[in-house]
Amino acid sequence: MTDHDPTHDDPTHDDLLTIGAFGARARLSAKALRLYDRLGLLTPAHVDEASGYRYYRAGQVERARLVAMLRQLDMPLARIAEVVEAGGVAGADVLAAYWAGVETRLAGQRTLAEYLRGRLSGRSSEMYGKFVVETVELPEQVVITEKRHTLADELPAWIGASLGRLEEAARECGGVTAAPFVLYESEVSMESDGPAESCVPVADEAAARAWAAERGRAWETAVRVEPAQRFAYTRITKAQVAHPQIVAAFEAVEEWIAGQGLEQAGPCREIYFADWDAAGPEDPVCDVAFPVR
């Protein structure tokens, strides 16, 4: 397909515009229009079979400008196509969902940058001071669990899926009685794979054990009784939950425990008490907690 756009060639139909004329109306270069065509985001209304010249309709100007602006948001091509095809309120909803994800990512990166600046400049203690650490006594709990070895990049998806499965199963076990949590027997990072264990407190221990026996080992499910324990914890926002931003919260609680002359009495955990999907980047969603004695 040629890129030539001679002014002496007339379109096949009177309402078609040459790529140059259309580009002038849309305030876009011919190069950009050819790119949008190649990406499947803005197809010419007509392509001359003999010459290969592209022609557009005036009604495509708004779509061309919309595509150009969406690309300035660094939106993936598939999502741009979804927005422009949906159009109207539906397209606006797609854009809103995308931008909410961008804001969550940016908030997380802002937190990470602050953490790294503090670590590099030797201001770790000052940085940890931003976290308010408290203690709480939690009662004995019967929990149904699912365990998995996973690296940090796969952890968020697994947490959401596993807690969803366990909360569904809790209906057979007398219902959920407290906030679900994820327990870490060992570090989960891009080099260490845990394991991690998702846990949901339930009301009926006998029903829970029957559920686990029927479920078998397909998802490494189990039932146990968590003893009443004292925990040191700090509350963090949705943006701070992302790895490695959350490392600062864990380290702040560990430093506080040591400063209080206490000892860690078991694996650390993340206790999820809020509706994750409804929460914004700066909303509190999780307690980072260590059992202490």
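R27 counts as exposed because its relative accessibility is 63%, where exposed means over 50% relative accessible area, buried under 20% and partly exposed in between, for a 1.4 Å probe and protein chains only. The model is a predicted one, in which local features need pLDDT of at least 70 and side-chain atom pairs count only at pLDDT 80 or more, while totals for chains, interfaces and linings use all residues. Residues are numbered from 1 along each chain as its sequence is written, and side-chain values use heavy atoms, with hydrogens and water left out.

**Confidence**

The mean pLDDT of the chain, that is, the predictor's confidence in each residue on a scale from 0 to 100, is 86, and 91% of the residues reach 70 or more. Residues 4-12 stay under 50, and for them the model has twelve contacts beyond four places in sequence, a contact being heavy atoms within 4.5 Å. Where pLDDT is low, the predicted coordinates should not be read in detail.

**Backbone geometry**

Most residues other than glycine have a negative phi, and most peptide bonds are trans. R27 has a positive phi of about 60° although it is not a glycine, and D74 likewise has a positive phi of about 60° without being a glycine. Helices (H or I, at least four residues) and strands (E, at least two) are DSSP runs numbered from the N terminus, and the table places both residues among them.

| Residue | Loop | Relative accessibility |
|---|---|---|
| R27 | between α1 (19-26) and α2 (30-38) | 63% |
| D74 | between α3 (61-71) and α4 (77-86) | 66% |

The peptide bond from G194 to P195 is cis, with omega near 20°, and P195 belongs to the loop between β6 (181-184) and β7.

**Helix α4**

The buried residues of α4 are I80, V83 and V84. Seen down the helix axis, they fall within an arc of 90°, so they line one face of α4; the arc is that of the directions from the helix axis to the C-beta atoms. Their cover includes α3 and α5 (88-120), whereas the face turned away from the buried side carries the exposed residues A78 and E85. After α4 comes G87, whose phi is positive, near 65°.

**The sheet and its helices**

Eight strands form an open sheet with antiparallel pairing, in the order β4-β9-β11-β10-β6-β7-β5-β8, two strands being paired if DSSP finds at least two bridges between them. At the edges stand β4 (133-138) and β8 (221-226), each of which pairs on one side only. Neighbouring strands of this sheet are turned by 30° against each other on average, direction ignored; axes are lines fitted to C-alpha atoms, for helices over the stretch in contact, and angles run from 0 to 180 degrees between N-to-C directions.

Strand β9 (residues 229-237) pairs with β11 (residues 284-292) in the antiparallel sense over eight bridges, and within β11 the residue opposite Y233 is A289, while V288 is the bridge partner of T234. β10 and β11 also run antiparallel and are joined by four bridges, with Y272 standing opposite C286 in β11. Eight of the nine residues of β11 are buried, so this strand is largely enclosed by the rest of the structure.

Helix α8 (residues 205-215) lies across β5 (141-148), β7 (196-202) and β8, and runs at about 155° to β8. Helix α10 (residues 246-259) also packs on the sheet, where it touches β4, β9, β10 (268-272) and β11, and its direction makes about 35° with that of β11.
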